[in-house]
Amino acid sequence: MIGRSGKVMIVLYIVCLVVLFLMCSTDLIIREPERQIYQIAVIIEDVRSDNYSNFRKGMDLAAAELNADVQLITLYEKLDVKEQMDLMDREQQDGTDALIVVPVEEEQVSAKQMTIPVILMRAGVAEAAGAGNVIVDHEKMGELLAREILEEQPADVPVYVLTDPAGQSDMDRLFLKGSDAVFQEAGRSVQRIVRGEEERFFTMLEQPGAEAQKVVILAENQDILTEAAGVMAGSEAVADAVGGLYGRGTTMAILNYLDRGVIMGICVTDEFSVGYYSVREAVRALEGAGSVPTVMESYYIEKKDLRDPAFEKMLFPIE
């Protein structure tokens, strides 16, 4: 039999175990290390949030996984590089840990001296981008789309490029630089329709007999592409005169026009991954990890590709 002193020892032993368990479970002894929450500001060049739907979804996922708090900041005026530079200074002064910037002017923004990490969403080639930056090579995207047009459209069909020189971004400029090079090498006739002349251009396409000489339209950016698709959707005569409407972008309006057959083909990139990688690189920079530029692929898609599981996941990611 266990004596009185033995029973007392057993009770004390049990009490000690209970106390140790309670202390451990309440972090009094073993305390979970507190992870720093990184404050990351994302400064984009445009005031339209619909451009960045999938981009934002990717950022939000990375922020949840990497313990970051991401704040999206848009410019009041489109393509205002001074405002963008001022916002970068303001965020640094307010204690932001890192910046992700979609630059209005890559050369000016990349040359700006900052004391916090800055991840740039570059539109140029990988060789010109620093470590940690995320690159969508819009020049190669323009080349890809031009090659698809040459393959799909008869050689005698004239190509019209809808452009807005006054509101042209680096992305627009590089995109057209790539397409122009391919068209020029193929000896293809290309004519520019600048902002302000498009109404007269579409009126010309509505004239009787215009459909006999089909034209191909290439839109410089997704705004112009959406507007052109809207004109075609609203005018049977214009739609009949256009042998193919092409451009770039992944807004719901563009994807709907593609699904309806109004737009024939678009070039896209995986914007969800662009958002994810940008936050990942910002956190890596804050933690002192080594990094290299992340170069995104461009893809050409048509109506049939919208039902492809790979493209469906890219264009319509689950939140």
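## Helix H10

In helix H10 (residues 252-260), the buried residues include Ile254, Leu255, Tyr257 and Leu258; buried means under 20% relative accessible area, exposed over 50%, and partly exposed in between, with a 1.4 Å probe and protein chains only. These residues cover an arc of only 160° around the axis, which puts them on the same side of H10; the arc is that of the directions from the helix axis to the C-beta atoms. Helices (H or I, at least four residues) and strands (E, at least two) are DSSP runs, numbered from the N terminus.

Among the elements covering the buried residues of H10 are helix H8 (222-234), E9, E10, E12 and helix H12 (309-315), where contact means heavy atoms within 4.5 Å. After H10 comes glycine 261, with a positive phi near 85°.

## Basis of the model

The model is predicted: local features need pLDDT of at least 70, side-chain atom pairs count only at pLDDT 80 or more, and totals for chains, interfaces and linings use all residues. Residues are numbered from 1 along each chain as its sequence is written, and side-chain values use heavy atoms, with hydrogens and water left out.

## The sheet

An open sheet of mixed pairing is formed by six strands in the order E7-E6-E8-E9-E10-E12; two strands pair if DSSP finds at least two bridges between them. Strand E7 (190-194) and strand E12 (298-301) are at the edges with a single partner strand each, so one side of each has no neighbour in the sheet. On average, neighbouring strands of this sheet are turned by 20° against each other, direction ignored.

Strand E9 (residues 242-248) runs parallel to strand E10 (residues 265-269), and three bridges join them. Glycine 247 has isoleucine 266 in E10 as its bridge partner.

## Helices on the sheet

Helix H5 (residues 138-152) lies across strand E8 (215-219), E9, E10 and E12, at about 25° to E12. Helix H6 (residues 170-186) packs on the sheet and touches strand E6 (159-163), E7, E8 and E9, its direction making about 145° with that of E8. Axes are lines fitted to C-alpha atoms, for helices over the stretch in contact, and angles run from 0 to 180 degrees between N-to-C directions.

## Aromatic residues

The whole structure holds four aromatic pairs. Rings of Phe, Tyr and Trp (its six-membered ring) pair if their centres lie within 6.5 Å; planes under 30 degrees apart count as stacked, over 60 as edge-to-face and the rest as tilted. The rings of phenylalanine 201 and phenylalanine 202 have centres 5.4 Å apart and planes at 55°, so this pair is tilted. Tyr160, Phe201 and Phe202 form one aromatic cluster.
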